Amino acid sequence: MKKALEVTKALGGENYVFWGGREGYETLLNTNLKREQDHLARFLHLAVAYAKEIGFKGQFLIEPKPKEPTKHQYDFDVASGIAFLRTYGLEKHFKFNIETNHATLAGHTFSHEIEVAAAQGMLGSIDANAGDLLLGWDTDQFNTDVRELTLAMISILKAGGLGTGGFNFDAKLRRPSIDPEDLFHAHIGGMDAYALAFKLARRILADGKLDQFVADRYASYDTGYGRDIEKGRVGFKELNKLVLTKLGEPKPKSGKQEYLENLVMQYLHD
């Protein structure tokens with residue numbers, strides 16, 4: 001770790017990713033979970049201290065992964081990673097490198113993990129790959145799912161981008177793909193898919209239909225009782241009175257998920 005940080009600084013690196021794929025355990029019968037988490041945090045604090053000592057100013061990144069090779073990993077997903085970093089006072093030093101395949105292994109979508117990180121100002125970089133949803137392990141395939149990538153690009157653009165981070169092809173060919181030209185097909189296909197998704201995401205955001213729908217859905221929180229609730233100006237007593245008197249009780253409004261999914265598909269097929 002010491003040497004790797006020194007080399008990264010010497011090469012002008014702007015990021016350093018901590019892949020936590022082996023920070024976990026198989027059984028509690030031989031594991032002191034609290035002590036292991038304490039040790040992991042101490043290790044990360046040592047890295048922060050040494051980076052400061054040698055003048056490395058790059059961004060530290062955590063790459064969450066829920067399982068494989070260990071059964072229970074301490075950085076299961078972005079949310080658990082945020083909790084870990086805040087518990088040990090590391091949140092100012094780390095952001096997240098999000099891998100598509102790891103997100104799906106954790107039972108999340110790629111865009112969900114991006115949104116969770118972005119909501120806390122901790123989105124840093126992307127491992128650009130995909131997994132096979134029928135397989136429960138890290139297959140690291142090149143991603144050509146334009147719909148998935150478009151939704152992810154929307155979240156990335158709304159977050160203001162990746163800062164010093166970027167898109168890394170942590171991906172490999174399938175075993176039967178043995179010709180040299182397969183490498184070119186894989187990388188070109190992956191880059192084209194991300195490029196197309198970027199263009200589509202920009203168009204969707206420029207049109208503003210999705211954003212407007214979300215704004216309208218939450219509009220009741222912009223004024224009146226809704227705003228008072230968000231600002232902490234009312235408590236249970238006031239809300240109880242509101243419900244009993246039917247004063248300003250909100251009317252249910254359709255989430256229109258099917259319409260919105262169809263709207264996204266229209267952009268993809270135009």
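1. Strands here are DSSP runs of E with at least two residues, helices are runs of H or I with at least four, and both are numbered from the N terminus. Tyr16 sits in strand β1, residues 15-19. The model is predicted, with local features needing pLDDT of at least 70 and side-chain atom pairs counting only at pLDDT 80 or more, while totals for chains, interfaces and linings use all residues. Residues are numbered from 1 along each chain as its sequence is written.

2. Tyr16 counts as buried because its relative accessibility is 14% (buried means under 20% relative accessible area, with a 1.4 Å probe and protein chains only). Leaving aside residues up to four places away in sequence, Tyr16 touches Met1, Ala4, Leu5, Thr8, Phe56, Gln59, Phe60 and Leu61 (contact means heavy atoms within 4.5 Å).

3. The axes of helix α3 (residues 78-87) and helix α5 (residues 110-119) come within 9 Å and cross at roughly 25° (axes are lines fitted to C-alpha atoms, for helices over the stretch in contact, and angles run from 0 to 180 degrees between N-to-C directions). Therefore α3 is roughly parallel to α5 (angles under 35 degrees count as such). Val78, Ala79 and Ile82 of α3 meet Glu113, Val116 and Ala117 of α5.

4. In the lining of the largest pocket, the largest share, six residues, comes from α6. Helices α4 (100-105), α5, α6 (146-158), α8 (209-217) and α11 (257-269) each supply at least two residues of this lining.

How values were computed: Side-chain values use heavy atoms; hydrogens and water are left out. Angles under 35 degrees count as roughly parallel, over 145 as roughly antiparallel, 65 to 115 as roughly perpendicular and the rest as oblique. Buried means under 20% relative accessible area, exposed over 50%, partly exposed in between (1.4 Å probe, protein chains only).
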